[in-house]
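Could you open the model in your viewer and keep the selection panel handy? We will take a short walk through it together.

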Amino acid sequence: MTLRATAAAVLASTALLGLAGPASAAPVPQPQAATAETRAAAHEAAAAPDTLATLSRFFAREGKVSLTAAQPRIEGGAIPVHYLSPDFVAGKAGATVARLEFLASKAVSSDGQQAALWTAKTEAGWQVVNIATGDEEFRYAQLGAEKLPGGTVFREPQIDAWYVAGDSRVLPLDEDAVRAVGERGTTLGAYRVRVTKAYGDKLPGSAYAEGGRAGGFEEAGAPGAPGVPVGVVAGGAGVLALGAAGSVALLRRRRVPAGG
């Protein structure tokens, strides 16, 4: 499973279906479609001066590069990122296997570090809501397009697995997905059976979710630190959250067994 550090002004909580975090976590509004207009708005938010300043702190957080030398830049355009749809898990008629969660822009520092900027349309307009190390969103988008042109690349966040779906097939793009559906993939129907069995009783509104067992983030730093949001971010063992003053605090995720 991929380990990713993330920095967030708002931590994404919608991405884990019913495996949602504490009630204090602010949900990330989902874009309705990845149009040319939304891609342009997402790119503008990613390239904004305030975003680049935050990226400099993010890339410099472990001393790999100095704050002034980071010089982050945005490469390429924003891409749509899809996650497993809770409606599909619930078996709703007409539900697609994945839903658009956010748009991602690739950021690169002067020393070669890479990060994905997650952008979404909030009440204040298009904003960067999370920064995650690495480039997996872009790598799997490219791999999926090569493996199944025209298919939908999506992530099953509970097991950090990436797939591409199309022509009633679900094909694996990484080792976690291979373990879930085999090297040759599976049918869309068989995949629905698997995820419904795994997550069907843990969707939003379920007793599992409402009982508070669906999340699991604990602050690693001083409790009650002001300005540090606590929420759910898919993937990774930890979260780097930027507080109101721009300081960085580490939050760690408590793993929750599939059965509770």
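**The whole chain.** Colour by secondary structure first: this predicted model has seven helices and twelve strands. Of the 260 residues in the protein, 49% are buried. The protein exposes about 11,900 Å², with carbon and sulfur atoms supplying 54% of that area.

**Alanine 46.** Now select helix α1, residues 36-46, where you will find alanine 46. Is alanine 46 buried or exposed? Alanine 46 counts as buried because its relative accessibility is 0%, and the cut-off for buried is under 20%. Show its surroundings next: leaving aside residues up to four places away in sequence, alanine 46 touches Thr51, Leu52, Ile74, Ser105, Leu117 and Val128. For a distance check, pick the C-alpha atoms of alanine 46 and glycine 77; they are separated by 9.8 Å, with the two residues 31 apart along the chain.

**Strand β4.** Move on to residues 114-122, which form strand β4; seven of its nine residues are buried. In the hairpin of β3 and β4, five residues lie between the strands, and glycine 112 takes a positive phi near 95°.

**Across to β5.** Finally, select residues 125-133, strand β5, which runs antiparallel to β4 and is joined to it by eight bridges. The hairpin from β4 to β5 passes through two residues. Look for threonine 122, whose bridge partner in β5 is glycine 125.

How values were computed:
Residues numbered from 1 in each chain as written. Predicted model: local features only at pLDDT ≥ 70, side-chain atom pairs only at ≥ 80, totals over all residues. Heavy atoms only, no water. Helix = DSSP H or I, 4+ residues; strand = E, 2+ residues; numbered from the N terminus. Buried < 20%, exposed > 50% of the residue type's maximum accessible area, 1.4 Å probe, protein only. Areas by Shrake-Rupley, 256 points an atom, 1.4 Å probe, with all protein chains shown as cover. Contact = heavy atoms within 4.5 Å. Pairing = 2+ DSSP bridges.
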